[in-house]
Amino acid sequence: MNTIKISKDFLINGKPVKLISGAIHYFRIMEDYWEDSLEKLKEMGCNTVETYIPWNFHEQEENQFDFTSPQHNIVKFIKLAEQKGLYVIARPSPYICAEWEFGGLPYWLLTKKLKIRSSDPNFIAYVERYYSRLFDLLTPLQWNKNGPIILLQLENEYGSYGNDKTYLAEIHRIMLENNVSVPIFTSDGSWEEALEAGYLPNSQVFPTGNFGSNASVNIAALKSFMTSKNIIAPLMCMEFWDGWFNRWNEPVVKRNPIELRDSVKEMYDLGSLNLYMFHGGTNFGFMNGCSARGTMDLHQVTSYDYDAPLTECGDITEKYYELKELFTGSRKVNNQKIRNHAKRAYSEITYIDSVSLFDVLDSVSKPVVRNSWPLPMEDLNHGYGYILYQSIIGNARKIDKVRIIEASDRVKVYLNQKEQITQLKKEIGTEFSLNLPKKTDNQLAILVENMGRVNYGTKLTSPTQRKGIRNGVMLDLHFHADWAHYCLDFTKLATIDFSKDYQGGVGFHKFELITTDIADTYIDCRGFGKGCIFVNGVNLGRFWQVGPAHSLYLPAPILKQGVNDIIIFETEGIYQTELKTTELPIIDTI
């Protein structure tokens, strides 16, 4: 039987091993490309792959578990790593951060009376239910069960959130009761306050640090903490940040490959490390996270390229060559195994038609819900995307003061289907006026976009993480009653009748791509305002003209030979009838 023990080194089958790991998020990469990424990781000189496991990816709706559909098969990913001769570090903690929607927590927890990431028995009960399903899959894959998993994470950067030791002990208990028998670790910022808060006393759980530079200083702090607690364990940076994520309307973050190599070498000489990220991938659908800075929410872009050794689409970069030379002594790669995916700029794209959202609202929404006051998304079992609130507000008149009270994250207001105003979060709640024309059934509609819940910090427990309208809509000085709720359901795109009219504004735009030569490509989003793109029913993610990203990655596995349907949902009324693709991403540069 295989063994792993924690001493001053990782003792694997009795021999000391330095872990050289890279992070690959299976949930951000097409399943068809998992093996390619793992092969490139091995070729670069790594002996380990690390991945988070996001709870909301596997239990998106309450008590509906998915570990088998495309991209969700965590067992397949781990076994592929094993076939490549890689160890696996799995990080299944209830919260993962990862610039992922709500830090990996399911949105439906927001409908419960509980405190997340705490010893609240109600929260612990949901973790227990999820873990009982997850660890049924993971524990047979542990190293001492002749699988590749050598380490499992207790909680993620908990020392930067809380110090509830009972909570940490409860997660530890659940893991042990689910037959976890390989070493368990925590990962925190490598300063005393964070390490102390995230530490679980009287256990075999060992700490690791997260940082991206100044390894000597950070490792010295980690070592000092371990000495103070009489912890004997390897020194490891669990997240050595080799790049960074990007947010809308901010410059792209880049890191010099030579400087990175030198910084990684400093850590490599001191202990084990995990490169975060090796291959970042894509926040497909609505799964991008959000940074919180003071009162501001700063939403992340669709691409999770991270300026990593592999690009968003899995291409090798200069960073890859520099790190390969550091780890193996050679920049050369095995060209029989290591190749970039084929790329193509398609020209065979035909514009079909456009239609207004209001003309097809019933066909692209869940069954309408009526209520006296507006309900937030979560109360309607609608976790992501958009919701349209609609109400009749009566006769011709001018309403000097209209206010939307407590809504997230972006609202667009329509009077009789004509756009009146757009408000971002910092503007929501400020007054605007409406001039109602001469009719008795003037209709007010409010489209609210959930742009992604925060993934880090105190706002995890803030009411602002409940999306849609949380309070109400004031006309003059009173709350207006009687609302219809339309939760947009993009699984129903095939039912859209594009023969109906489009008179501008929010709507759907259909294109067709006919191809027999399938390859990766990027959809050029310039000429479109804001929204999301669906190819053969798959949501590629969000685009927004503010940049810095002006394209969406379209992996070849989503395409098929023959006719491919492309539907663009666009909210600003900014569109064009010519759609282009490119072989490279379109990104603003400084």
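The legends below describe close-up views of a predicted model. Local features need pLDDT of at least 70 and side-chain atom pairs count only at pLDDT 80 or more, whereas totals for chains, interfaces and linings use all residues. Residues are numbered from 1 along each chain as its sequence is written, and side-chain values use heavy atoms, with hydrogens and water left out.

**View 1. Helix H4, residues 121-138, and its kink.** Helices (H or I, at least four residues) and strands (E, at least two) are DSSP runs, numbered from the N terminus. The 18 residues of H4 reach 24 Å from the first C-alpha to the last, close to the 26 Å expected at 1.5 Å a residue, where the expected span is 1.5 Å times one less than the number of residues. A kink of about 30° is centred on Ser-132, the bend being the angle between axes fitted to the seven residues ending at a residue and the seven starting there. At the start of H4, a side-chain oxygen of Asp-120 comes to within 2.9 Å of the backbone nitrogen of Asn-122.

**View 2. The buried residues of H4 and what covers them.** Among the buried residues of H4 are Phe-123, Tyr-130 and Leu-138 (buried means under 20% relative accessible area, exposed over 50%, partly exposed in between, with a 1.4 Å probe and protein chains only). Their cover includes helix H3 (74-83), strand E7 (149-156) and helix H5 (165-177).

**View 3. Strand E11, residues 272-279, and its partners.** Because 8 of the 8 residues of E11 are buried, this strand is largely enclosed by the rest of the structure. E11 pairs in the parallel sense with strand E4 (residues 20-24) over 4 bridges and with strand E10 (residues 236-241), likewise over 4 bridges; two strands pair if DSSP finds at least two bridges between them. Gly-22 stands opposite Leu-275, while Trp-241 has Tyr-276 as its bridge partner. A cis peptide bond, with omega about 0°, joins Tyr-276 and Met-277.

View 4. Leu-275 counts as buried because its relative accessibility is 0%. Beyond its neighbours within four places in sequence, its contacts (heavy atoms within 4.5 Å) include Met-44, Phe-240, Val-264 and Phe-327.

**View 5. Positive phi at Ala-98 and Asp-476.** Most residues other than glycine have a negative phi. Ala-98, in the loop between strand E6 (87-91) and H4, has a phi of about 60° and is buried at 1% relative accessibility. Asp-476, whose phi is near 65°, is partly exposed at 44%.

Notes:
Polar contact = N/O pair within 3.5 Å; in protein donor to acceptor, adjacent residues only side chain to side chain.
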